[in-house]
Amino acid sequence: MGIKYIKNELFIEQISAVKLAELCDTPTYVYSKKLILNNFNSYKKAFNNDIVCYAVKANSNQTLLEILSNLGAGADIVSGGELFKVLRAGINPQKIVYSGVGKTAEEIKYALESNILMFNVESYEELCAINKIAKQMNKKARIAFRVNPNVDPDTHKYIATGKHGTKFGIKYEDAIDMYISASKMANIEIIGIDTHIGSQILKIEPYKLAALKISKLIDKLESLNIHLKYIDIGGGLGIKYEKNQKPPKPIELKKAVMSVFGKYKDKTLIVEPGRSIIGNTGVMLGKVIYRKKSGNKNFLIVDIGMNDLIRPTLYDAYHNILPVKKTSKKPITLDIVGPICESGDFIAKDRKFPLLEQGDLIAVECIGAYGSAMSSQYNSRKRSRGIIVDGKKVIHIRRRDEFEDLLRLEENLEKYL
Ligand code: LLP
């Protein structure tokens with residue numbers, strides 16, 4: 001379903017990848033609409049009385065946001081830019097939560113004007129800033145504290161957030177004092193508690209451990225007459241990048257947290273999935289430019305650079321790569337690298353893969369999340385096109401940059417001074 005070989009050729013839904021490459025050129029991010037709907041619906045089904053806030057940072061394409069908005073998604077945002085985009089996509093402000101350690105005064109004001117559901121507050125100074133700005137605007141800001149439960153999510157260190165010593169959240173031991181301070185602030189309305197322990201999490205246990213710790217805080221707060229309406233459990237469910245990985249399903253996450261939070265009948269859960277909504281729905285189509293041997297090493301030089309997909313470089317991430325046309329060539333050990341001028345520019349190292357020919361097409365799997373979203377114009381490369389395949393239909397969701405786009409922000413500057 002979605003992305004598979006039919007006979008010996010890779011298909012995205014009902015269109016062959018060869019045809020897509022002819023139509024769109026390479027490199028191109030290609031997503032399956034069916035997979036997007038499936039992923040979102042499995043959250044919607046599992047979290048049926050709750051709010052599913054899509055973590056926009058995973059992929060903020062406007063058409064994608066509109067699709068999710070039409071399915072009833074809320075949004076977890078981390079910047080004014082994301083707020084702008086989700087409002088444009090028609091997402092209900094009462095389903096928007098605002099995370100992040102560095103919200104600026106301008107962003108706080110914009111979120112208050114937009115009447116979002118709540119700020120997930122990460123420090124005392126941020127709390128004071130929100131209270132002050134809300135006062136100037138004659139408003140009450142709804143908040144939750146993002147609590148750092150000091151739980152190890154067992155993931156790459158750059159995307160682990162739930163342990164003490166990271167910049168995220170309020171230290172667990174300080175949380176109650178923070179709530180007490182907030183309860184005395186005139187322009188703050190406490191409505192929730194939040195935690196987010198990390199990303200690409202492949203086990204349920206860390207979520208349960210975090211829930212148990214959060215639940216202790218909720219009980220303590222109730223005894224202090226501080227009542228919460230929302231429990232935000234964050235995002236982070238992993239996806240299957242490698243064959244041996246078996247990520248938990250949304251329903252398993254729901255069951256695990258409900259075994260702890262089920263007793264709170266008056267509270268609504270919020271969940272903030274990003275990667276598990278969009279990660280496995282897309283491949284990046286690319287093509288072999290050259291083959292090369294250096295020392296004992298074989299290289300396939302392809303037209304996908306680290307500017308298109310930085311995950312292998314940044315997190316040592318594994319992305320499976322498929323030849324678009326199955327080949328009888330035996331796999332050998334080689335590096336698949338991009339055209340960018342640094343050795344960090346690779347998609348796969350020491351991978352068993354057939355030594356394809358110049359012009360042959362490849363598909364890099366699971367690029368839906370943090371692929372296009374983290375892309376850049378590094379080496380003055382044009383950022384890539386994006387398409388969604390819906391059955392036999394191609395929906396164009398992002399054009400490829402043109403050379404003029406490389407200049408656009410750097411000319412006619414007079415009026416900006
Ligand atoms: N909520 C908050 C507060 C977050 O910081 C994140 C992700 C999410 C939700 C969504 O997490 P997800 O469900 O997507 O795992 N660029 C990295 C991932 C960074 C994740 C940052 N925070 C990567 O490519 O692996």
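Start by selecting E402: at a relative accessible area of 45%, E402 is partly exposed (buried means under 20%, exposed over 50%, partly exposed in between, with a 1.4 Å probe and protein chains only). This is a predicted model, in which local features need pLDDT of at least 70, side-chain atom pairs count only at pLDDT 80 or more, and totals for chains, interfaces and linings use all residues. Residues are numbered from 1 along each chain as its sequence is written, and side-chain values use heavy atoms, leaving out hydrogens and water.

E402 sits in the segment after β21 (393-398); strands are DSSP runs (E, at least two residues) and helices likewise (H or I, at least four), numbered from the N terminus.

Next, go to C366, in the loop between β19 (361-365) and β20 (385-390). C366 is buried, with a relative accessible area of 9%, and its phi is positive, near 55°, in a residue other than glycine.

Now select D25, in the loop between α1 and β4. D25 is not a glycine, yet has a positive phi of about 65°; at 39% relative accessibility, D25 counts as partly exposed.

Finish with residues 3-6 (β1) and 9-12 (β2), which pair in the antiparallel sense over four bridges; pairing requires at least two DSSP bridges between two strands. Show K4 and you will find its bridge partner F11 in β2. Two residues separate β1 and β2 in their hairpin, and K7 in the turn has a positive phi of about 55°.
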